[in-house]
Amino acid sequence: MTLAYIIAGRIVLETFAGRKRHGLSTVVTSAILLSAVAVLGTGLVTWSQSNLSAHQQNLELDFSKKVNRLNEFLILEHVWFGTTPYSVNMTITNLGSVRSEIVEIKFVNSNTKQNLITFTLNNGTIDKSNSISFQPNFDYTQYQALDIVITTGRGSIFTSQVVP
Amino acid sequence: MKSRRGLSTIVGGVFFVIAATTAIVYITYSMNTVDNFAQSIASNEMEKSNRLNEKFDLTHVNIVGGKLNVTLQNTGNIPVNISKLWVQNKTNPEWLPHKYDIDKLVSPGGTATNIGQGVPLYLRSDKAYDLKLVTDRGNTVEYSINSYSSNIYANLQATPSIVSTDFTTTLTLEVVNNLASNDILTNITPSIACTSKLTIVPGSWPSPATVETLERGDTATFRWVYKATGEDGDTATCTAYFDTAQTKQAGSPAVVKIQDPGFASQSETSLESEGLVCCRTTDDQLVFHAETLDTPPGANNYQTYSGLPELLGSVRQLENQSPLSYFTKNDTNIQIDIPPGDWKLVLVYKSDLVPSTITTNPSMFYLFQGDNSLKDSSGNGITLTTTSLPTPKSAVLTPFGIKDVYAFDGVDDFLQAPFAWGKNDIEGYPDSTVGWFKTSVTTGKKTIYRVGSGVEFYDISVNEQSVEFTFRPDDSAQITKCTSLPIYADGNWHFFAAVRTAATTCKLYVDNLPAIGPIFGASGSGSGKDNVEVSGQPTYIGRSPSSGTEYFNGDIGYIAHWNSYALTGQEVGDLYTKDYGTGSHKIQVKYIKTDRTGTAIQTLNDETFVVPFGDPANTLSSGWNEYTHTTNLFNATDPTQSFHFKDGQRLQIQLTWINEPSRLGLDLDTDDSKYTDFIGSKLVIPPPSTPFPSYFQWSKSQPMIFTVGNTGPNGLWILYSGTRVIFEGLTTPTSYAGLLTNINGTFVTPEDDSMFLDVEDKGVLEFLKPRTVPRLTTPMEGEEIQPNRDYRMYVSIIGYDTQGANVFRTFYVGVVKVTP
């Protein structure tokens, strides 16, 4: 835009001064805009990265838990029954591909499904391909079938039926 | 403006790159995660599938050298690794279970043997053990050794429970694995003890002696036959035990009552028929049968399998039916392994008396062989007698192969055959007499063969190095005489053939050469002028009855006489060359593995051997002789040196008669059920891993029918109770039995016996489908017989005959394939 004045000298000055202000505001505006975009963009990127990272971690955790649980496999390799005192002697073997931790062993009446007794274990960790033995005293009834229910820390449940 | 647009483009580009990279990384990560998860699931599923597909069976368990010896077969389609063995002593509860590492890999279809032999564990045969094998996939098989408790179902029954003295009863012990756990009972070797009124029949069972494994729900059956020897009213108690030490009783004792029959006295024949349980073959005996069904096409191809002969004999003339082949059935769906060892070819045979060129057998034939030295091998039963027996000489080297000859002392030794019309009466012509002799010292006339002590006679003698054949057909006739040149020498064997070709003509051959000495003679006149009338007079060998002298001094090999037949020169020549001793026959035997069509794949053995003369005078059984040829065979190209048969492959036994001048023909007796102590012609192979399939096959969609014939001597009735068809599992210990439902279309029930079966009547027995728990009425229990498996089939028949005798017969049919 150009303004016309009567006095020539001023005309030149004013013309020059008007031009300087106009250029500054454009730069400032641009800077502001750039800053705003940068700040907003960075924030958005940071927020999205953080959000994705959190989601990824959750997924990883969930996946890991599920896969590990899937890979858990325990068998009741051998069970025998003691008489003095009445006890159940069991050897549990980890045939899965991950370490497992047994947290609970339950004896359930096979016919009535009544829970007879529950044992909580504090040191029931079994490395893969290893076995542990567990000998709780238990007043079993001869020829009464029992379900032995083994629960791991990951929530896997393994059941086996035995007859004293 | 241009520069600002560029800047904003750069900033936008940076953000785009960041956003795009983030998205790509996240998507990639997510895909990887999902992929890993899927792989984990797939891997887990595969492991589960492998675990489910892992299948193996115990095939044999025993204790060897104090150590456990388990044989296990991988019946699945993936390898199995036996990783651990758990052992628990059931006899001593203080003895804690022991665990041993085994680590034995068994390939699909393979067998692992000697499991337990390498672990430091010593077991006692008198103790009970529970054992468990664990695979590395976590599958287990549990079994017990000697671990019998009162909880195991066992039932001992006597059939019949009331029996006459001197009659037999069969004690049957049923053992059912009814354990609540999945334990397999192993090595069940029961025994039985009876009070003194019952004695076990020699050579009787227990049958089977041992059942190696008995899975849960399965039944094992053992039988013993005992003979009652008490008085009327006596009882005998039998107790069965799970073990041979008789410490663990099995079920309740069975009581047998001895009671005289209410009928008339028992005949010998009914005594024989009672209690006779037909012998059974074993898996290593391939019996030569007469049937040709399902054998490869060919004129002389017959069946062979481990089943009893069913016919009354079927004769194969080897010289006319050569090569003769016996084929096993092309149904070998389970691999059969024959370990290295002796293959015994058992031939039950009779030698031909004369070469096949001679169409008429001699009417008397004396071969002077061993225990039959005085017997007539012609089958006419004209046995020699004497008052001064010549001296038997053995292991003599003769040109006709015979090792046993008689040495006549020249003083008083002689043999005589009683007069028999048509056999040695001489009277009409023609006649022929042949024989071998060796003189010691010849001075004067010495008689070899003579009939007639009077004017009319028939005489063959040696006289000063000549053989003389003389006879006079009529007292008015001249003596007809053929004399050889003095061609024989003392101390050498010579063959003579004297032929009365017509009333007054003769031919004489010495050492297969026609005698060229003087021949003369003339007929008499009147009635009977052509007959040598010596009626009632015996035939003498070694002396002249007319003089009581002229005793032969030397050896005589054999003498044969045709009473109404004139040998030709050719026939004499054939006789002269024949071996009547150790080399009478030459046979080539081949054992061949063929495909299912009978085409040879591999010749396992090919050899030729000689067979000695089988004297029909032998009294073994109707003149049949037994000869066994043994060959030790092994498969040099196999690591176990075993021969393997699979995929329908057959074993062919090929017998070829070798035609040589010195060889005689022979008749082979096959499929002959007359024998009770041996089963005729067969091949005995080293015990195979599983028997060759029989030619019997039963479709379970068809009625189970078995036909019996009453051969007498008495009519009989068949009882519902105890008459059963039994299928003993071959590949599994599970066995099945079927109840009798009707005979000849008439229902048989616990209240109704069969209709009367007279002598020569046939009884068509129909049975219900065999089950593990045989039952007459619904609801049925137990498992029905499983098809597509091989079983040993038995039919057990119990009844009574018209003379009150108990009839008990067990027929072993053989290995039967059951189809759907």
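Modeller: Rings of Phe, Tyr and Trp (its six-membered ring) form a pair if their centres lie within 6.5 Å. This is a predicted model, in which local features need pLDDT of at least 70 and side-chain atom pairs count only at pLDDT 80 or more, while totals for chains, interfaces and linings use all residues. Residues are numbered from 1 along each chain as its sequence is written, chains are lettered from A and ligands numbered from 1 in the order in which they are written, and side-chain values use heavy atoms, with hydrogens and water left out.

Colleague: How many aromatic pairs does the structure hold, and why is the pair of Phe107(A) and Phe138(A) called edge-to-face?

Modeller: Over all chains there are 39 aromatic pairs. In the pair of Phe107(A) and Phe138(A), the ring centres are 4.8 Å apart and the planes stand at 70°. Planes under 30 degrees apart count as stacked, over 60 as edge-to-face and the rest as tilted, so this pair is edge-to-face. Phe107(A) belongs to strand 3 (residues 100-109) of chain A, and Phe138(A) to the loop between strand 6 (131-134) and strand 7 (146-152), so the pair ties together parts 31 residues apart in sequence. Strands (E, at least two residues) and helices (H or I, at least four) are DSSP runs, numbered from the N terminus.

Colleague: Are Phe107(A) and Phe138(A) buried or exposed?

Modeller: Buried means under 20% relative accessible area, exposed over 50%, and partly exposed in between, with a 1.4 Å probe and protein chains only. Phe107(A), at 0%, therefore counts as buried, and Phe138(A), at 9%, is buried as well. The rings of Phe419(B) and Trp421(B), with centres 5.1 Å apart and planes at 85°, also make an edge-to-face pair. Trp421(B), however, is exposed, because its relative accessible area is 53%.

Colleague: How do you know that Cys194(B) and Cys238(B) form a disulfide?

Modeller: A disulfide is a pair of cysteine sulfur atoms within 2.5 Å, and the sulfur atoms of Cys194(B) and Cys238(B) are 2.0 Å apart. With 115° about the S-S bond, their link is right-handed. Cys194(B) counts as partly exposed because its relative accessibility is 21%, whereas Cys238(B), at 0%, is buried.

Colleague: Which cysteine is joined to Cys482(B) by a disulfide?

Modeller: The partner of Cys482(B) is Cys506(B), at an S to S distance of 1.8 Å. Cys482(B) is in strand 32 (residues 480-483) and Cys506(B) in strand 34 (residues 505-510) of chain B, so this pair connects parts 24 residues apart in sequence. The structure holds two disulfides over all chains.

Colleague: What makes the charged end of Arg51(B) sit over the ring of Phe73(A)?

Modeller: The term requires NZ of Lys or CZ of Arg within 6 Å of the ring centre and within 35 degrees of the ring normal. The charged end of Arg51(B) is 3.5 Å from the centre of the Phe73(A) ring. Lys593(B) is placed over the ring of Phe645(B), 5.6 Å from its centre.

Colleague: Which members touch the most others in the largest nonpolar core?

Modeller: A nonpolar core is a set of buried Ala, Val, Leu, Ile, Met, Phe, Trp, Tyr and Cys residues joined through side-chain atoms within 4.5 Å. In the largest one, of 35 residues, they are Ile448(B), Tyr449(B), Val467(B), Phe469(B) and Ile541(B). Apart from this core lies another, of 30 residues, including Tyr326(B) and Trp657(B).

Colleague: How many residues of chain A are in contact with chain B, and what area is buried between them?

Modeller: Contact means heavy atoms within 4.5 Å, and 30 residues of chain A are in contact with 28 residues of chain B. Buried area is the accessible area (1.4 Å probe) that two parts lose on being put together, summed over both. Between chain A and chain B it is about 2600 Å², with 67% given by carbon and sulfur atoms. Leu70(A), Glu77(A) and His78(A) supply 21% of the area that chain A buries against chain B, more than any other three residues.
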